[in-house]
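The points below are meant to be read beside the sequence and the coordinates.

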Amino acid sequence: MVWIPTVRKQQKLKVRSVFISDIHLGFKGCQADSLLHFLHSVETDYLFLVGDIVDFWAIMKNPTWPQKHTNVIRSILGKAKHETKVIYVPGNHDDSMRDYVGHKFGNVEIHRDYVHTTVDGRKLLVMHGDEFDLIVKNSRWLSNLGSYLYDKLLSLNHIVNGIRRLFNSSYWSLAAYLKHKVKNAVDYIGNFEDALAHFAEERGVDGVVCGHIHHAEIRDINGILYCNDGDWVESCTSLIEYNDGQLEILHWENNFEQSTISELEEILGTRDAA
């Protein structure tokens, strides 16, 4: 089930756990405004950062870091300071952070993977998932080519959605549409999900939470609960554990009002330079 909320400044969504991944800070396609609105609007006991939080690949190719990307880091550290347990499981785009597994920075714990127990007793293995992507594991140049083509698709997204805004139409992802229509991509997603579920079964847990493929989903695979929390480039999704243990994919509103962004910037005390 996907819920599109309309939370505003005076409201807070109170949950037990939030899982987010594939933010890609440092990449021009990062939906930082939507993420900041989400982080400000939710209170959680646990915040899991499930890899590709900072996109070091993109930064090395085309360095960019707007103020709102710093604001995301500040918001996460602020939660870590105020009673939210923050667990960071690095992915392939921020794999240099794996050198610091076992350390804690600003109350943020860094783990290679992590077993989270839900309030109703289910054990979920939290991992990014790139270990099961043979393209990333065995062919870095092919992965870089795919990343380049993906960047071009996101540029087309920007043009397409600029036209859609002229007609008051909602955000639509060309990249996501093509990914779900092309047979090879669909087969790849299915194989990836099956591999993660099989690994979780071998680890003796009830389910797995991952990211990496930018495809949010919750489904049962041979008795194993497979959860992918999506991304903050195409779909602006997270996985939520409510206080009764229920899990849900939450799709945050991409096209919130500009006034909401202004209110958020005032709260954070910083704005992008004019």
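1. E193, D194, E217 and R219 are joined in a network of salt bridges, a salt bridge being a side-chain nitrogen of Lys or Arg within 4 Å of a carboxyl oxygen of Asp or Glu. The model is a predicted one, in which local features need pLDDT of at least 70 and side-chain atom pairs count only at pLDDT 80 or more, whereas totals for chains, interfaces and linings use all residues. Residues are numbered from 1 along each chain as its sequence is written, and side-chain values use heavy atoms, with hydrogens and water left out.

2. E193 counts as buried at 2% relative accessibility, while R219 is partly exposed at 28% and E217 is partly exposed at 22%. Here buried means under 20% relative accessible area, exposed over 50% and partly exposed in between, with a 1.4 Å probe and protein chains only.

3. The structure holds nine salt bridges, and another of them joins the side chains of R98 and D130 at 2.7 Å, N to O. R98 lies in the loop between β4 (85-88) and β5 (104-105) and D130 in the loop between β8 and α4 (134-138), so the pair ties together parts that are 32 residues apart in sequence. Both partners are enclosed: R98 is buried with a relative accessible area of 18%, and D130 is buried with 7%.

4. Five strands make up an open sheet of mixed pairing, in the order β7-β8-β9-β11-β10; two strands pair if DSSP finds at least two bridges between them. β7 (114-117) and β10 (217-221) stand at the edges with a single partner strand each, so one side of each is left without a neighbour in the sheet. Neighbouring strands of the sheet are turned by 25° against each other on average, direction ignored, where axes are lines fitted to C-alpha atoms, for helices over the stretch in contact, and angles run from 0 to 180 degrees between N-to-C directions. β7 pairs with strand β8 (residues 123-126) in the antiparallel sense over four bridges, and V115 stands opposite L125 in β8.

5. Strand β12 (residues 237-241) runs antiparallel to β13 and is joined to it by five bridges, with L250 in β13 as the bridge partner of S238. The two strands form a hairpin with five residues between them, and G245 in the turn has a positive phi of about 95°. Four of the five residues of β13 are buried, so this strand is largely enclosed by the rest of the structure.

6. A search of the whole structure finds seven aromatic pairs. Rings of Phe, Tyr and Trp (its six-membered ring) pair if their centres lie within 6.5 Å, and planes under 30 degrees apart count as stacked, over 60 as edge-to-face and the rest as tilted. The rings of F38 and W252 have centres 5.1 Å apart and planes at 70°, so this pair is edge-to-face. F38 lies in helix α1 (residues 32-41) and W252 in the loop between β13 (247-251) and α8 (258-268), so the pair ties together parts that are 214 residues apart in sequence. F38 is buried at 0% relative accessibility, and W252 is buried at 1%. F48 and Y114 form a tilted pair, 5.7 Å centre to centre with 55° between the planes, which links strand β3 (residues 42-49), holding F48, to strand β7, holding Y114, 66 residues apart.

7. Finally, R16 deserves a look: its place is in strand β2 (residues 13-20), and R16 is buried with a relative accessible area of 14%. A polar atom of the R16 side chain lies 3.2 Å from the backbone oxygen of T117. Not counting residues up to four places away in sequence, R16 touches T44, D45, Y46, H116, T117, T118, V119, E241, Y242 and N243, contact meaning heavy atoms within 4.5 Å.

How values were computed:
A polar contact is a pair of N or O atoms within 3.5 Å; within protein, one must be able to donate a hydrogen and the other to accept it, and residues adjacent in sequence count only if both atoms are side-chain atoms.
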